[in-house]
Amino acid sequence: MSTPLLDPARPLTEIGGNLARRRRIDHFMRGGSMAAALFAVAVLGLLIATVVVHGASVISISFLTKDPAIGLGASGGGIASAIVGTVLLIVVATAIAAPLGVLIAIYLTEFATQRFARPIRLALDLLNGTPSIVIGVFAYSLLVVGGFHHQTGFAASFALAVIEIPLIARASGEMMSLVPKELRDASHGLGISRWRTILGIVLPGSLGGIVTGTVLAFARAGGETAPLLFTSSIFSGSTTLNIFGAAIPNIPVTILQDSESGFPSDHARAWGAALVLVVFILIGNLSGRVMLARQRRRYQAR
Amino acid sequence: MSTQSAAGRLPSNRRFVDRFGDRALVGTTIVASVAVVVILALIVEHVVNGSTDAISRFGIGFLWHTIWNPSTSPGVVNANVFGAGVWVYGTIVTSGIGLIIAFPLGVAIGVFLALLAPGRAGAVIGPLVELLAAIPSVVIGLWGIIVLAPFMRSVVEPVFHDVLGFIPIFGAPSTTGLGIMTAGFVLALMALPIIASISRDIFLSVPRELKDGALALGATRWEMIRGVVLDSTRSGLMAAGILGLSRALGEAIAVTQVIGAGTSLPGGVFGNSFFNNGDTLASKIAEVFPGTNHLFTASLFYLAVILLVIELIVNLTAQLIVYRFERRQGLVR
């Protein structure tokens, strides 16, 4: 640098030369990062607004309570069977995944030594990273080809459960490890056995987190399409609860099939179904987050 | 141990129940944990088993051969010959476009949320960005077909073609707006919240003393971010990018909806226009699985094997980086 760092003739408050340039870069970069954040929020807003605008004109009482009209491009009718089917599929999936996820979390936080915990954590992470389409292929191979010999809702629920397990295990484990060690020690000190301590102290103490994790996984499963594609996609439009006997109509596959159709009436139904799905997922996701924040605050306040 | 002396005074049936209960709980939790490993192993076994005939028939060349012809009619050239070249190309290019867009944006959002946002703005914008990850891919795909594709066709593609048209990858605009570029944009949208929220968490873990030290030395905010924060979290950011990439590589549904199911590379590997239709490994499976004949099915399973191997490598790399990063930060004992 040719100019001296401090020029005694100039007051310190006067900004010029190098410092001005540094400030300009600083402003530019900070503005850029804020613009990036606003861009992401704008995209989310645009997405939701589009779904609401297109979907709201389709949704009516009969859209929610009637089964779809039969035939390509047929207008009229609703998505009642798909709503019932999606709820059924994810309730069964969560009924499989939640107990497994919680048991895994108990093992990892209460029993496992590092040596055993690490491979199981790794397996959970890898399962979490497995593409859902591959899980769909797996469920098809295991249960459709290898078991029922035709599509069934159960195969779809199984595939969704595989997706939910790592999510529930991670969320539950995180909350269980927040339960203060003193509570466990106090329980042990009173001569209470380990299993009673876990079931009576640790589980109730982290119940909020477990419920939250389960709600988030439930909402996530509701939006998954790929696991259903080969397990529960060939269905009649009528409402059925026969989960072991037939493919179950569901919202994600309905949206996918209608979105690729050339008929405007199918597109309209896709938007209506998308609005139902997005509202369901946003409610599940937001309530899960609120519960999670409350739960965390409870433990951090101690 | 005090537990033992206390247990000694308990009624014997309670003692029995406790001993049984402890063992039962340990046992069931172990069974559940092992079940995860078993499921993972079963996934590998089933996918590999389904693909053996295609693997033995086409070998490793399957990865780059571009003929994919399920026809079994007599007289058809290359009948029942399969190669994944076009889908491998599509996977690399769409995920690459997605990452090139999502990585800088995601890191910038992470910087904003962790270091610059005034308290309340961060508390609102952070969850909103994460909410983007909760929107189902099939809904993003629907939006892609009906909103994004017409915009690509009428604005983005002509602009790219006019300005950079001398590069073959920015060829003539498509007639539908569906194509490789559109799929890349959609994947960017799906990887963005992952990269943003992971990089935010990484930036929050940078020790306060370092940041304050840089500011105290007269650095501007940006100089502090570049010199201290970005520099000390480089490996963590790489992991964030890799996890975003992992999301993009495996996405099937939204890509299926917007990529237009192309079957060839008209301009060759380096001359193919990004505005052409295409397909990725995942989207091809989503479109035609389980196929119409045995070798066709086995080839689709082979695609799933490739996808599984890619994801395995990508996720293990990310795990390794995260593990090293955490150990350096003293988060792992």
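## Core, chain contact and helix packing

B:Ala304 touches A:Val134, A:Val137, B:Val47 and B:Ile285, leaving aside residues up to four places away in sequence, where contact means that two C-beta atoms, placed from the backbone, lie within 7 Å. The model is a predicted one, in which local features need pLDDT of at least 70 and side-chain atom pairs count only at pLDDT 80 or more, while totals for chains, interfaces and linings use all residues. Residues are numbered from 1 along each chain as its sequence is written, and chains are lettered from A and ligands numbered from 1 in the order in which they are written.

The largest nonpolar core has 191 residues, and B:Ala304 is among those with the most contacts inside it, together with A:Val137, A:Ala274, B:Val139, B:Val186, B:Ala191 and B:Ile285. Such a core is a set of buried Ala, Val, Leu, Ile, Met, Phe, Trp, Tyr and Cys residues joined through C-beta atoms within 7 Å. Helix H3 (residues 85-116) of chain B gives the most to this core, with 18 residues; helices are DSSP runs (H or I, at least four residues) numbered from the N terminus.

The contact between the chains takes 72 residues from chain A and 74 residues from chain B. On the side of chain B that touches chain A, helix H2 (residues 12-58) of chain B gives the most, with 20 residues, and the residues of that side divide into 53 nonpolar, 16 polar and five charged. Here Ala, Val, Leu, Ile, Met, Phe, Trp, Tyr, Cys and Pro count as nonpolar, Asp, Glu, Lys and Arg as charged, and the others, Gly among them, as polar.

A:Ser33, in helix H1 (residues 17-56) of chain A, touches B:Ala108, B:Val111, B:Phe112 and B:Leu116, not counting residues up to four places away in sequence. A:Ser33 is buried, because 22 other C-beta atoms lie within 10 Å, the cut-off for buried being 20 or more.

| Helix pair | Angle | Axes apart |
|---|---|---|
| H4 (residues 119-132) and H6 (residues 180-204) of chain B | about 140 degrees | 7 Å |
| H7 (residues 208-216) and H8 (residues 221-232) of chain B | about 155 degrees | 9 Å |

Axes are lines fitted to C-alpha atoms over the stretch in contact, and angles run from 0 to 180 degrees between N-to-C directions. H7(B) is therefore roughly antiparallel to H8(B), whereas H4(B) and H6(B) are oblique to each other; angles under 35 degrees count as roughly parallel, over 145 as roughly antiparallel, 65 to 115 as roughly perpendicular and the rest as oblique.

Conventions:
Buried ≥ 20, exposed ≤ 12 C-beta atoms within 10 Å, placed from the backbone. Helix = DSSP H or I, 4+ residues; strand = E, 2+ residues; numbered from the N terminus.
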